Every structure is written in structure tokens, then in C-alpha cells.
Amino acid sequence: MTLQEFQAEIKQGIPSVLPPKHEYDPKVNHAPIRKDILSKEEKQLALKNALRYFDKKHHAVLAPEFAEELKKYGRIYMCRFMPTYDFHARNIEDYPYKSKQAAAIMLMIQNNLDPAVAQHPNELITYGGNGAVFQNWAQYLLTMKYLSEMTDEQTLAMYSGHPMGLFPSHKDAPRVVVTNGMVIPNYSSPDDWEKFNALGVSQYGQMTAGSFMYIGPQGIVHGTTITVMNAARIIEKDNEGVAGKLFVTAGLGGMSGAQPKAAVIAGAIGVVAEVNPAAAEKRYEQGWVDELHYDLDDLVARIKEAQKNKEAVSMAYVGNVVDMWEKFVEEDVFVEMGSDQTSLHNPWAGGYYPVGMSYEEANDMMAHNPKQFKEEVQKTLRRHVEAVNKLTAKGMYFFDYGNAFLLEASRAGADIMKDNGEFKYPSYVQDIMGPMCFDYGFGPFRWVCTSGKAEDLDYTDKLAMDVLEEMASTAPEEISQQMRDNIEWIKGAKANKLVVGSQARILYADAEGRIAIAAAFNKAIKEGKISAPVVLGRDHHDVSGTDSPFRETSNIYDGSSFTADMAIQNVIGDSFRGATWVSIHNGGGVGWGEVINGGFGMLLDGSTDADRRLRSMLFWDVNNGISRRSWARNEGAIFAAKRAMEAEPLLNITIPQIPEDDLLNQF
Ligand SMILES: NC(=O)c1ccc[n+]([C@@H]2O[C@H](COP(=O)([O-])OP(=O)(O)OC[C@H]3O[C@@H](n4cnc5c(N)ncnc54)[C@H](O)[C@@H]3O)[C@@H](O)[C@H]2O)c1
């Protein structure tokens with residue numbers, strides 16, 4: 001297809017002539033079949049909803065086709081309308097546009113649906129099994145059309161993938177406002193999601209999927225490397241370092257696939273169970289995991305050898321994680337660090353596979369006998385926890401990895417609670433990310449070079465490193481470790497070959513670092529040292545964007561961890577301080593109804609407007625969370641809030657007074 005043809009297709013939107021029917025491609029990794037949840041009347045409603053996108057003259061052809069999709073897959077994806085052009089982040093100038101900001105958003109959308117990046121591209125799912133960019137192909141086509149024709153005086157409102165339309169606004173307003181999965185709070189159970197999604201009226205946007213900010217597993221490799229390094233620091237007895245320490249976990253999917261690579265970058269031995277052979281083999285072929293093991297005896301022998309030689313190596317066990325943990329108990333394997341990253345935010349629809357049956361058998365039971373499937377999952381979780389408990393009794397440090405493991409295990413009746421009603425194990429945010437990173441404002445800042453050129457990415461890496469080194473020379477002791485870790489990361493980032501899809505990079509920085517790096521990029525774009533604009537963004541898994549009591553805000557102890565004011569304040573504040581697009585989601589990471597999370601995208605085009613916007617928005621985007629974490633009496637955040645006020649006279653954060661424990665104990 002020529003560039004002109006591609007552009008014409010984008011501008012056309014939903015085609016007026018029906019394209020040929022799309023054949024189901026068994027080679028593509030497809031989303032699991034969703035459960036049959038709608039009544040007969042509701043199925044008619046789903047059909048009626050789907051047909052809204054099409055000229056009435058096509059209804060007689062499309063209605064039976066969509067009804068068949070609903071029956072077969074549990075959803076109407078409108079497969080016929082999937083474009084035949086390649087999905088990848090093209091050079092920004094390849095997109096037809098009137099607003100360059102809108103072109104950047106098209107680039108990011110296509111990156112999220114690139115088959116090299118996305119988990120189930122045909123079903124518009126980027127990661128996490130259900131992290132959707134759109135609910136169906138009509139929404140994609142219509143959104144791209146709107147983006148291609150909008151100007152900087154308009155804003156596109158998007159409701160769970162559905163482009164509601166273009167509305168007049170102004171050049172400093174976001175070009176797109178995204179909401180995903182927002183519902184009335186009492187209607188936020190997993191089955192509510194199944195139903196609303198099957199009806200075509202709501203979607204699970206995960207975090208960076210529905211906000212077009214996913215950059216492949218690089219984002220999570222970095223966060224996981226920091227987590228493993230800091231977990232090793234927590235258990236270190238005598239400054240002995242990470243070498244030879246064993247980190248055991250599960251999941252080689254969209255995000256979890258980063259674990260073995262991160263373990264090796266951190267210098268540890270990483271062992272990861274993955275029940276889906278296709279997922280394990282994909283990670284092996286991509287070089288994200290060094291060895292595949294199908295036999296548990298072989299695996300144990302290999303682990304013991306790696307422990308003896310203190311190798312930095314990663315191994316996948318292709319099988320159920322519970323079989324692996326039970327074998328380690330039996331063989332007395334000493335595990336220093338343990339966790340889990342199966343998709344337990346989505347336990348009944350393919351996120352966690354029961355032990356004692358094949359992957360295919362489990363999928364069949366999930367679709368045809370969901371009640372028994374649920375019982376098997378819960379039984380498996382109880383066995384899972386029992387094995388983990390035996391190893392922690394021998395000294396393993398176990399942490400929840402933000403996948404709702406502790407929550408679902410407790411709901412399954414596993415032995416996971418202490419007498420005081422708290423979980424036996426911390427989440428990685430309580431022990432590691434919260435106190436060491438988020439409270440100081442350090443979080444997953446990222447950027448994408450819209451030229452698609454590796455040279456541009458190299459230049460941004462250099463600029464970011466220079467900025468961090470300069471800052472590190474005067475940084476206070478409290479944040480010097482974080483600075484050093486990130487300088488090391490950015491130095492090795494290229495060699496680690498982490499780019500999948502767009503030319504993107506991530507590092508952890510605080511507000512000062514993010515602003516300084518962004519300003520340096522904007523200046524370099526203006527001077528022509530970077531050949532095209534750069535998109536800034538971040539993971540929602542950050543200081544300010546996410547209220548998630550079992551994850552991002554699990555180290556908030558003033559009783560406010562179940563409130564979601566911070567995430568809402570964040571997205572509103574970002575939107576009027578210059579973000580190019582903003583998003584707010586129900587769900588993401590730990591499950592629908594369990595978290596509210598938001599993010600932004602910002603285009604740097606070398607202009608003075610971009611310079612003004614980045615300073616205003618990035619400052620708020622971090623310091624909003626600092627102020628809330630500080631008000632919750634988190635020590636690091638109080639330090640960061642006071643430091644931010646010294647640097648910015650217009651900032652005036654309310655600092656908490658902390659009463660003496662002796663006084664409180666009298667009551
Ligand atoms: N801590 C973090 O920073 C962080 C970041 C991203 C995602 N997460 C969470 O981690 C989870 C995984 O995310 P993902 O994108 O990799 O999801 P995913 O669905 O792509 O991958 C999960 C993998 O676990 C495998 N699996 C499921 N049950 C298993 C079992 N019993 N034994 C062995 N393997 C099993 C699946 O086959 C799948 O490949 C999600 O809940 C996500 O929200 C946490």
C-alpha cells in the first residue's frame with residue numbers, strides 16, 4: 001500500500017462500501033473467549049448498539065455477522081473492518097493531519113496496536129488480557145478520521161473507545177480527553193464490566209493501553225529492575241549485592257514478560273513460570289528469557305548450578321506456577337525473593353490458570369463451565385499460598401507485584417492474613433516503590449521520538465543522561481541513590497536492546513528531573529538537533545496519577561487510600577495546564593472497581609508554547625501526588641514537598657502536624 005493510499009484510508013474513516021470479510025487468523029494471539037453474560041434482550045441491544053456506526057443499507061449484512069461474533073467471542077469486534085495496512089508507529093509526517101498534536105496521537109494509537117507490541121491486536125487489546133485501546137474496529141476507524149481532520153481549536157471526547165465527537169476548544173486545551181470504564185461506583189464489579197463491555201458501552205483501558213501510552217515491555221523492565229535491585233537491598237545483610245540471589249515469580253505476558261530480563265539486568269537469577277507455551281516461547285525468541293525448561297527436575301538442577309556460580313541468568317518454567325513452587329518446597333530450593341505477576345486482576349477470564357489441567361482444558365472450562373473454573377482457580381490459589389508460606393518460613397522475602405495476588409488469594413480463603421486483618425506480605429509499593437521512589441516524586445517518565453529514528457533516540461538518551469548527571473552532582477543524600485540507579489539505567493539502555501515498536505525510552509525521574517529533561521528536548525527540537533517532535537508521557541503507575549489501595553497508594557496510611565481524589569485532581573489539573581491528551585480510567589493493574597488511574601501525553605514541538613506547557617504541567621503532575629503523600633505523613637514526601645516549595649515560591653503545600661504517640665496512646 002502506498003503512503004497516499006494509507007492516508008486516504010485514514011481520512012475515509014468507516015468505509016462506505018463494505019470491505020471483504022476478515023478471515024480468522026489462527027497464527028495471531030487472540031483474546032480469550034469472553035463469557036456469555038447477556039440475556040436475549042441484551043444481545044439484541046448489543047447488536048443495535050454495534051449497528052449505530054453503519055449506514056442502514058449495510059445492516060442486513062452486518063447484523064448476522066455481528067450476532068455470530070457475539071456468540072463466538074462474547075464480544076462484537078467488527079472484524080471485517082480491521083484495516084489491511086500495517087500497524088506500527090510511522091514517522092509523524094506520514095499521518096494525514098491538520099493538527100500536529102493529533103498526528104502524534106495517531107502515531108501512539110498505532111503503536112499500541114502494533115502486533116509486535118500488542119498482546120491481542122485483532123481484538124484491539126494491548127496488554128493484561130483485557131487492556132483495550134478500543135472496543136471495536138469502527139471506533140478505531142472513526143477516531144483516526146476525526147484525528148486526521150481536527151484542528152488545534154478542537155477537542156475530541158472519547159468515552160471508553162467511542163469517539164463521541166469533535167468539540168470546539170482552544171490551542172491550550174487537550175486535543176483528546178479519554179475516559180475508560182467510568183461507571184457509577186455501585187456498578188463496578190467484574191461482572192458489570194463483562195456486561196457493559198459485551199453491550200459495547202464500556203471498556204477496560206488498563207493503564208497505558210486505553211491512553212495510547214504503552215511502549216512495550218521496556219517500561220516495565222525498568223520498573224522491575226528497580227524493584228528487584230531494591231528488594232535485594234532490603235534483604236541484604238552485609239552489602240553483599242544482588243549476585244547469586246534467586247528471584248522467583250510467574251507470568252511471561254505483556255508486562256510480566258519483563259521480569260526475567262529485569263532480573264538479569266539487576267544481576268540476579270530470575271526464574272519465571274509461564275503456563276502458556278506460546279507466551280514463553282515468544283519471550284525466549286525475543287531474548288527476554290535465556291532458557292526454557294519443561295521439566296522441573298532439570299530446572300532445579302540448573303538453578304542450583306546458577307546459585308553456585310552466582311550467574312546473572314533467567315529461566316522460564318513452561319507450566320503452572322503452583323507445580324513449580326511445590327517442587328521448590330519439596331527440593332528445598334532456597335529462594336531469596338518471591339513474587340507473582342499472573343493476571344490476577346482478571347482471575348475468571350484467563351488471568352490465572354488452575355493447576356492440574358492443560359492450558360487448553362482450562363480455556364475450555366472457562367468458556368463452558370465458568371462456575372467450576374472459578375472453583376479451580378480458588379483451589380489453586382490456596383495451594384499457591386501454602387507453598388509460598390513454607391518458603392517464606394525459611395527466609396524468602398515475598399511481595400505482591402501489583403496484580404491483586406494478595407487480594408484474590410484472600411478472597412479464595414488462602415492462608416494469607418495476619419491476626420490483625422492485614423495481609424501477611426507487603427505489596428512492592430508498600431516496601432519498595434512507595435517509600436523509595438513515589439514519595440520523593442520519582443516515577444516512570446517516558447518519551448517517544450516521532451521521527452521513528454534511532455539516532456533521535458540516541459540523542460535524547462545523551463541529553464537525559466547529561467541532565468541527570470548534572471543534577472546528581474548537587475542532589476541531597478535522600479535522592480542520590482535513585483539518581484545513580486537511573487544514570488546507570490540510561491547508560492545501558494541502548495545496549496539492553498529494549499526498543500519494541502516506537503523509538504521510546506523510560507526512566508524514573510522526579511519533577512525537577514522530568515522538567516529539565518523535557519526542556520532540554522524541546523530546545524534540541526527547536527535547534528534541529530532532534531529531527532522531529534517528541535511525545536512525553538508516563539505510566540499511570542506513578543506518584544500522582546493513580547489511586548489504588550492495593551498498589552500505587554498502598555503506602556498511604558492515613559485512611560485515605562480508598563479515596564480517589566488524587567487521580568481525579570491530577571487529570572483535571574493536567575488538562576488545563578497544557579497536556580496534549582489526558583485520560584482517566586476505572587480499572588488497570590489490579591482490576592475493575594479496584595483503582596482509578598490517569599495519565600497524559602504531551603507533544604514537544606520545539607515551540608515556546610511547548611516550553612511553557614511542559615513546565616506548568618509536569619510540575620503539577622508530580623507535586624499533586626507529593627502533596628497528598630506528604631499530607632498522609634509520609635516522611636519522604638514531606639521532605640520532597642518542602643524542597644519543592646523552596647524552589648517554587650508560588651507553591652504552598654499544606655504540611656501536616658504530627659502528634660506524639662504518647663499523647664494518642666492516652667485515648
Ligand atoms: N507491578 C507492576 O508494576 C505491574 C505492572 C504491570 C502489570 N502488573 C500486573 O501484573 C499482571 C500481569 O500483567 P501482564 O500484562 O503480564 O498480563 P498477561 O495476561 O499478559 O500475562 C500474565 C501471564 O501469566 C500467565 N499465567 C496465568 N496463570 C498462570 C499460572 N497459574 N501459572 C503460570 N503462568 C500463568 C498467563 O499465561 C500470562 O501469559 C497484571 O495483573 C498486571 O496488572 C503489575
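1. Helices (H or I, at least four residues) and strands (E, at least two) are DSSP runs, numbered from the N terminus. The model is a predicted one.

2. What does the side chain of Gln-119 reach? One of its polar atoms is 2.6 Å from the backbone nitrogen of Gly-129. Leaving aside residues up to four places away in sequence, Gln-119 touches Asn-29, Ile-125, Thr-126, Tyr-127, Gly-128 and Gly-129.

3. Next, the helix pair. Two packed helices are described by the angle between their axes and the distance between the axes. For helix H7 (residues 218–235) and helix H15 (residues 428–436), the axes come within 10 Å and cross at roughly 105°. Angles of 65 to 115 degrees count as roughly perpendicular, so H7 and H15 are roughly perpendicular to each other.

4. Which residues make this contact? H7 supplies Gly-223, Ile-226, Thr-227, Asn-230, Ala-231 and Ile-234. H15 supplies Tyr-428, Asp-431, Ile-432, Met-433 and Met-436. By class, the contact of H7 with H15 holds seven nonpolar, three polar and one charged residues.

5. Now the ligand. There are 31 residues around the ligand, and Ser-256, Glu-274, Ser-343, His-345 and Tyr-401 come nearest. The shell divides into eleven nonpolar, 18 polar and two charged residues.

6. Which backbone atoms lie by ligand nitrogen? A polar backbone atom of Tyr-401 is 2.8 Å from a nitrogen atom of the ligand. For Tyr-353, a polar backbone atom is 2.9 Å from a ligand nitrogen. For Val-321, the corresponding distance is 3.0 Å. Tyr-401 is also one of the residues that come nearest to the ligand.

7. How much of the ligand does the protein bury? Taken alone, the ligand exposes 860 Å². The protein buries 96% of that area.

Notes
Residues are numbered from 1 along each chain as its sequence is written. This is a predicted model: local features need pLDDT of at least 70, side-chain atom pairs count only at pLDDT 80 or more; totals for chains, interfaces and linings use all residues. Side-chain values use heavy atoms; hydrogens and water are left out. Axes are lines fitted to C-alpha atoms, for helices over the stretch in contact, and angles run from 0 to 180 degrees between N-to-C directions. Angles under 35 degrees count as roughly parallel, over 145 as roughly antiparallel, 65 to 115 as roughly perpendicular and the rest as oblique. Contact means heavy atoms within 4.5 Å. Ala, Val, Leu, Ile, Met, Phe, Trp, Tyr, Cys and Pro count as nonpolar, Asp, Glu, Lys and Arg as charged, and the others, Gly among them, as polar. A residue is near a molecule or strand if one of its heavy atoms lies within 4 Å of it. A polar contact is a pair of N or O atoms within 3.5 Å; within protein, one must be able to donate a hydrogen and the other to accept it, and residues adjacent in sequence count only if both atoms are side-chain atoms. Accessible areas come from the Shrake-Rupley method with a 1.4 Å probe; for residues, only the protein chains shown count as cover.
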